[in-house]
Amino acid sequence: MSENTRTAIELVDTYAAHNYSPLPVVVTEASGAWLTDVDGRRYLDCLAAYSALNFGHGNPTFIDVAKRQLDRLTLTSRAAHSDWLGPFAQKLARLAGKDMVLPMNTGAEAVETAIKVARKWGHQVKGLPQDRGEIIAMHGNFHGRTTTIISFSDDETARADFGPYSPGFRLADFGDVESLRQAITPETVAVLLEPIQGEAGIIVPPAGYLREVRELTRRNNVLLICDEVQTGMGRTGTTFRFQAEDIDPDIITVGKALGAGIVPLSAVIADREILGLLRPGEHGSTFGGNPLACAIGSAVCDVLATGEYQRRSTGLGERLHAGLEALVGHGVTAARGAGLWAGVDIDPAIGTAKDVSLDLLDHGILVKDTHGQTLRFAPPLVITEDEIDLIVREFRAVLEQRLTRHA
């Protein structure tokens, strides 16, 4: 570790709360799919800020929009109209095939908002009494780290010591329709799920699962909320992952790449009979729907409407998955995912996923571990075929070194 890197990390360790365990690299610049550290060393970014940078670092399309808007107007709050909110909301609603959009800032805010809206629907439309209205989430879920959201998490790292927890939630097994069927009661207002579970390790449910969930929720007069904060914006090969099974959820939450890696921007998307239930004063955000974010988000919608990035994710994803699957049995026990999103389980006999991520960093590849033995690969969608091959080649080299060491 260089002196520059050590000094920067010591400052963080001394003055910033230790709520993350970052890799020992200090990034100063980035472009496309590449990062540069304080010593000028370059790394291929296989994390993309947990999919917030789907369109790459410093994408000129969005940087130009941001620069122009910075000279015009950045914030009014929702106390006044701004010229970008309407166009942005219209484009995002049409992209999702819905009527309305409620803009927020972070993915967790979007999920919190969806929970509130679903419960209001439960009271005003389904006819449940006040203080009723259960929401069913999934085992292994990750929707954020607010106190409400961790109340239905089963990840003790995120949950322990932060109680008391919010009531009104229960869990079903992800990918198991029968488990969900048994969890639904007359007081259920919504089912909340990630179409592919991200933090859990890129867990892909069985084919047809989302369609069965959609049919089940409709039969029981229950809303389906698809959390597309990580799976959306082209990451898995379609604009939204639910489109891969041709279903129509009632509520969609989006975030991360919606702000193009420049500003925080999230949204709840639904039809008028759901989002139209909200009245002034019932929900809000000072920065939600600000002109700078909406200008960038509008440009993101324009780009996604062309299908370019979805096609890249599909084609390049096939190349990535083929390379990763070839490593199964050679230090890897499983590889799965969709589009440019993959979860790879490391054989415990050669070490932990954190160990392998540190080795990969030495090889110029930035990737992060989750849940002990899983690496998540999520490169920006601007990555090239040669760069995909570089990922697989360096990963193979790291695995071979570890296999030799542990032989």
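Arg-376 is buried, with a relative accessible area of 5%, where buried means under 20% relative accessible area, exposed means over 50%, and partly exposed lies in between, using a 1.4 Å probe and protein chains only. Its partner Glu-199 is buried as well, at 17%, and the two side chains meet in a salt bridge of 3.1 Å, N to O, a term that stands for a side-chain nitrogen of Lys or Arg within 4 Å of a carboxyl oxygen of Asp or Glu. This pair links distant parts of the chain, 177 residues apart, with Arg-376 in strand 15 (residues 374-377) and Glu-199 in the loop between strand 7 (188-193) and helix 9 (209-219). Helices (H or I, at least four residues) and strands (E, at least two) are DSSP runs, numbered from the N terminus.

Please keep in mind that this is a predicted model, in which local features need pLDDT of at least 70 and side-chain atom pairs count only at pLDDT 80 or more, while totals for chains, interfaces and linings use all residues. Residues are numbered from 1 along each chain as its sequence is written, and side-chain values use heavy atoms, with hydrogens and water left out.

Now to pairs within a helix. Glu-178 and Arg-181 form a salt bridge whose closest N and O atoms are 2.6 Å apart, and in helix 8 (residues 177-183) they sit 3 residues apart, about one helical turn. Glu-178 is partly exposed at 37%, and Arg-181 is partly exposed, also with 37%.

In helix 1 (residues 3-15), Arg-6 and Glu-3 are likewise 3 residues apart, and their side chains meet at 3.4 Å, N to O.
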